[in-house]
Amino acid sequence: MLLIIGGQGSGKRSFAKTLGYSDSDMADAVLDDRPVIFHLEQIVFRSPDSLDDILQALEGKDVVICNEVGSGVMPVEHWERAGREATGRLCILLAQRADCVIRMVSGLPMVIKGELPCASH
Amino acid sequence: MMILLTGGSACGKSYYAETLCQSFPLPRYYLAAIRPYEADSKAKIARHRQKRAGKGFTTIERYTDLAGLQLPERGTALLECICNLTANEMFDDEGNQTDPFQTVMRGVAALRSQCETLIVVTNDVGSDSKTYDPATQAYIQALGRINAALAQQADCVLELVCGIPIPLKGALL
């Protein structure tokens with residue numbers, strides 16, 4: 001599994017497309033049988049207490065894309081803090097399982113674990 | 001030696017810092033700057049305590065005035081975290097505000113002089129698009145300046161991303 005993280009608009013999906021995935025391969029914040037999921041953070045914010053279930057549902061994904069949401073001032077609202085914390089913790093667990101972790105910065109893929117996969121899909 | 005660890009919320013900083021401390025000699029001091037004010041902080045403190053259990057740490061709760069702290073022995077110290085310490089030094093219970101820069105920097109320097117290895121945890125609070133009240137805005141600025149000054153003094157600076165350490169300065173340990 002490849003984990004792609006980064007800020008909003010940092011080029012995460014565009015990068016996934018360079019690996020051969022198309023829009024129709026990518027599920028927008030829903031857990032289905034498509035090989036790529038993006039906006040994982042939205043799923044976590046909806047149910048921050050279900051990390052085990054989410055983790056299990058992500059098994060078998062080729063690519064998991066998640067926004068980095070832990071920066072900036074600690075939010076005042078509890079739900080927002082809980083969502084940030086849970087997203088961070090889930091990403092740590094995913095990074096442990098991932099063969100490769102990429103952090104997008106200004107459209108550039110920074111490989112922070114493993115090696116860049118070749119376009120093979 | 002001083003190592004600075006930074007990163008966003010729940011990026012694995014604490015766990016990495018604690019594990020890192022294991023590779024340095026005893027005694028091991030954990031300096032906790034987070035005030036147990038509200039349910040979230042209390043839950044966080046409980047979680048951190050549980051994770052530290054069995055790792056050989058002596059916990060010292062110190063919310064302000066790090067410069068006045070005397071460590072019993074030289075060894076390894078983990079300071080968690082600069083964001084809380086800065087807030088504690090900057091705002092008092094009556095809501096009065098002072099510039100925390102000198103106090104925090106003096107405190108870290110005093111701590112560093114009393115141990116062989118100091119590991120400091122901080123946070124990146126400047127990376128969002130929201131507009132805050134003047135006090136919060138001042139806090140973001142102050143913490144940014146403190147982080148920059150600490151990074152300048154540190155032998156090694158690492159950013160934690162999804163639990164993965166990214167070297168920003170010095171060698172990855």
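Helices (H or I, at least four residues) and strands (E, at least two) are DSSP runs, numbered from the N terminus. The model is predicted: local features need pLDDT of at least 70 and side-chain atom pairs count only at pLDDT 80 or more, while totals for chains, interfaces and linings use all residues. Residues are numbered from 1 along each chain as its sequence is written, and chains are lettered from A and ligands numbered from 1 in the order in which they are written.

B:Arg112 counts as partly exposed because it has 18 C-beta neighbours inside 10 Å. By definition, a residue is buried if 20 or more other C-beta atoms lie within 10 Å of its own, exposed if 12 or fewer, and partly exposed in between, with C-beta atoms placed from the backbone. Residues up to four places away in sequence aside, B:Arg112 touches B:Met2 and B:Leu118; two residues are in contact if their C-beta atoms, placed from the backbone, lie within 7 Å.

Select B:Leu5 next. Beyond its neighbours within four places in sequence, B:Leu5 is in contact with B:Lys13, B:Tyr16, B:Ala17, B:Ile119, B:Val120, B:Val121, B:Leu158 and B:Leu160. The largest nonpolar core has 70 residues, and those that touch the most other members are A:Leu3, A:Ile4, A:Ile65, B:Leu5 and B:Val120. Such a core is a set of buried Ala, Val, Leu, Ile, Met, Phe, Trp, Tyr and Cys residues joined through C-beta atoms within 7 Å.

Now display helix H1 (residues 13-21) and helix H2 (residues 39-52) of chain B, whose axes come within 11 Å and cross at roughly 30°. Axes are lines fitted to C-alpha atoms, for helices over the stretch in contact, and angles run from 0 to 180 degrees between N-to-C directions. H1(B) and H2(B) are therefore roughly parallel to each other, the term for angles under 35 degrees. At their contact, B:Ser14, B:Tyr15 and B:Glu18 in H1(B) meet B:His48, B:Lys51 and B:Arg52 in H2(B).

Turn to the backbone of chain B. A cis peptide bond, with omega of about -5°, joins B:Leu26 and B:Pro27; B:Pro27 is in the loop between H1 and strand E2 (28-32). A cis peptide bond also joins B:Glu80 and B:Cys81, with omega of about -5°, and B:Cys81 lies in the loop between strand E4 (76-80) and helix H3 (82-90).

Two residues with positive phi follow. B:Cys162, which is not a glycine, has a phi near 50° and lies in the loop between strand E6 (156-161) and strand E7 (164-169) of chain B. B:Cys162 is buried, because 28 other C-beta atoms are within 10 Å. In chain A, select A:His39, also not a glycine, with a positive phi of about 55°. A:His39 is in the loop between strand E3 (36-38) and helix H2 (40-46) of chain A, and is partly exposed, with 19 other C-beta atoms within 10 Å.

Finally, display both chains: 21 residues of chain A are in contact with 19 residues of chain B. On the side of chain A that touches chain B, the elements that give two or more residues are helix H4 (78-97), strand E5 (100-105) and strand E6 (108-113) of chain A. H4(A) gives the most, with 10 residues.

Key
Angles under 35 degrees count as roughly parallel, over 145 as roughly antiparallel, 65 to 115 as roughly perpendicular and the rest as oblique.
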